[in-house]
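Hi,

Here is the structure I said I would pass on. Have a look at it first, and my notes on what turned up follow below.

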Amino acid sequence: MGLQQVATNTVSSTVSSVTLTGIDDNSIYMVSINNATFASDKVLYFRFTESGSANSTNNYDRAGKGIRAGSSFYNNSATNANVGYIDASRLENSTGANGILFIYNANDNSDFTYVNNQSVGERESNQGLTVTGLIGGQVFTVNSQVDGIAFMLESSENFTGGTFTLWKLI
């Protein structure tokens with residue numbers, strides 16, 4: 001098994017969102033997020049795209065286990081949210097967030113789209129700067145043909161850097 005790059009976007013100037021499209025079959029897809037930075041401490045979200053447009057309906061369900069260095073584990077879950085989460089913690093703006101998402105059934109319009117996610121970053125300094133991570137699963141509860149994924153930050157904040165890449169498992 002290997003990886004075939006489908007799309008990549010390297011942020012080199014401020015942008016409010018990053019969109020990767022190119023999902024065109026029912027293969028397993030993977031997204032890698034490397035060193036995503038932003039203008040102020042924020043939570044990193046995603047939405048799936050259909051025909052290139054992000055779906056912002058309340059159809060994102062998630063459950064995961066959060067990990068923080070130096071403190072206890074925590075649970076993170078939601079049903080009927082309008083975004084999926086990369087990490088549930090508000091991340092420090094200049095330290096770089098990283099994550100991997102595996103996407104299943106995305107192009108099958110007769111089934112939901114499923115995600116396994118894992119991330120690592122640094123929690124915002126006013127909450128005690130520590131390494132944080134989230135591992136879990138998410139479901140986009142719409143029977144539709146997903147063709148990509150869009151990333152954004154809470155409160156419409158801007159990305160200042162990072163590389164986002166969509167891969168197909170072959």
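**The salt bridges**

At 54% relative accessibility, D24 counts as exposed, because the cut-off for that label is over 50%. Before going on, please keep in mind that this is a predicted model.

So what does D24 do with its side chain? It meets the side chain of K168 in a salt bridge, at 3.9 Å from N to O. The two ends of that pair come from distant parts of the chain: D24 sits in the loop between β2 (17–21) and β3 (29–38), while K168 belongs to strand β13 (residues 159–169), and 144 residues separate them.

How many salt bridges does the structure hold? The count is 2, and K168 turns up again in the other entry, with D25: their side chains meet at 2.8 Å, N to O. D25 lies in the loop between β2 and β3 and K168 in strand β13, so this pair also ties together parts of the chain, here 143 residues apart in sequence. Taken together, D24, D25 and K168 form a linked network of salt bridges.

K168 is buried, with a relative accessible area of 14%. D25 is partly exposed at 24%, and D24, as said, is exposed at 54%.

**Around S119**

The other spot I looked at is S119, in strand β10 (residues 113–122). S119 has a relative accessible area of 12%, so it counts as buried. Its side chain reaches the backbone oxygen of I86 at 2.9 Å.

Which residues does S119 touch, once its neighbours within four places in sequence are left aside? I86 is on that list too, along with D87, N98, G99, T132, G133 and L134.

L134 lies in strand β11 (residues 131–140), and at 4% relative accessibility L134 is buried. For orientation when you turn the model around, L134 and G121 are 13 residues apart in sequence, with 9.3 Å between their C-alpha atoms.

That is what I have for now.

Cheers

Note on methods. Residues are numbered from 1 along each chain as its sequence is written. This is a predicted model: local features need pLDDT of at least 70, side-chain atom pairs count only at pLDDT 80 or more; totals for chains, interfaces and linings use all residues. Side-chain values use heavy atoms; hydrogens and water are left out. Helices (H or I, at least four residues) and strands (E, at least two) are DSSP runs, numbered from the N terminus. Buried means under 20% relative accessible area, exposed over 50%, partly exposed in between (1.4 Å probe, protein chains only). A polar contact is a pair of N or O atoms within 3.5 Å; within protein, one must be able to donate a hydrogen and the other to accept it, and residues adjacent in sequence count only if both atoms are side-chain atoms. Contact means heavy atoms within 4.5 Å. A salt bridge is a side-chain nitrogen of Lys or Arg within 4 Å of a carboxyl oxygen of Asp or Glu.
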